[in-house]
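Morning, everyone. Let me put the model up, and then we'll walk through a few helices and strands.

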Amino acid sequence: MQRTLKLFSAGLLAGLVAFTSGCGSDDKNRTSGTLISISAQGEASQAPDIANLSAGVVTEADDSNAAMQANAKQMEALMQAIKKAGIEDKDIQTSGISLNPRYDYQPNSERKIIAYQARNTVSITVHKLDELSAVIDAMAAAGANQIHGPSFSIGEPEPLLAKARDKALKQAQARAESYAESLGTKVRRIVSISEGSHGGMPRPMARMEMAAAKDSASTPIAPGESSVSVNMELVFELEK
């Protein structure tokens, strides 16, 4: 019986030692200093490599069927021109088809339909920006009477986001060090990090791009630069 009690006491003592050690480990990670929350932003830019634009055909006729038939014929020519210009099927998407009456409004009389207007629009993505001018010119030559865009973007933004993220972290660290120095403390650790990002902001075109556009015989295009930014919220712990 005494041997059993001794074994029990030894086991209880070992458990208490393990518990005490565990508590000591938690104390190391417990926040005891001053916490400061810092907002930081990093931005990085590069030339875009993707252009998105839309093109379409608007036709008009005395009756609705004739308007749609004329539009279909002209739109088919436009689609062929887009594909011939090197745009793949996956980068061409119909974005809108409409048929609307056009009215003649006269004072003191009922409105009267005088024609029908058909419209068909496609959105396209161009991956080779050096061919963008030729694509636009080909669409216009094929009968497109409505062209909108382009808008530029970066196909793989993650490497650029990494650069912006690094800038934001360095900015936050420098601010934390500045606070610590002013308070006579030092930065112990980062307690938490949260991130939000956005991008695709165009920048003005460079002077050389403007000159190239002016001397070009085709539709002038200036991609400029697109930028991405990363917004971060960091919490630092300061200690004496």
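The buried residues of α3 are covered by elements that include β2 (50-61), α2 (64-84), β4 (112-126) and β5 (146-153). Contact here means heavy atoms within 4.5 Å. Helices (H or I, at least four residues) and strands (E, at least two) are DSSP runs, numbered from the N terminus.

A word on provenance. This is a predicted model: local features need pLDDT of at least 70, side-chain atom pairs count only at pLDDT 80 or more, and totals for chains, interfaces and linings use all residues. Residues are numbered from 1 along each chain as its sequence is written, and side-chain values use heavy atoms, with hydrogens and water left out.

Which residues of α3 are buried? In this helix, residues 132-141, they are Leu 132, Ser 133, Val 135, Ile 136 and Met 139. Buried means under 20% relative accessible area, with a 1.4 Å probe and protein chains only. Down the axis of α3, these residues fall within an arc of 165°, so they line one face of the helix. The arc is taken over directions from the helix axis to the C-beta atoms. After α3 comes Gly 143, with a positive phi near 115°.

Next, α4. Its buried residues are Leu 160, Leu 161, Ala 164, Ala 168, Ala 172, Ala 176 and Ala 180. Just after α4, Gly 184 has a positive phi too, about 70°.

Last, the strands. Two strands pair if DSSP finds at least two bridges between them. β2 and β4 run antiparallel, joined by eleven bridges. Leu 53 sits opposite Ile 124 in β4. β3 (residues 92-104) also pairs with β4, antiparallel, over twelve bridges. There, Asp 104 stands opposite Lys 112.

Key
Buried < 20%, exposed > 50% of the residue type's maximum accessible area, 1.4 Å probe, protein only.
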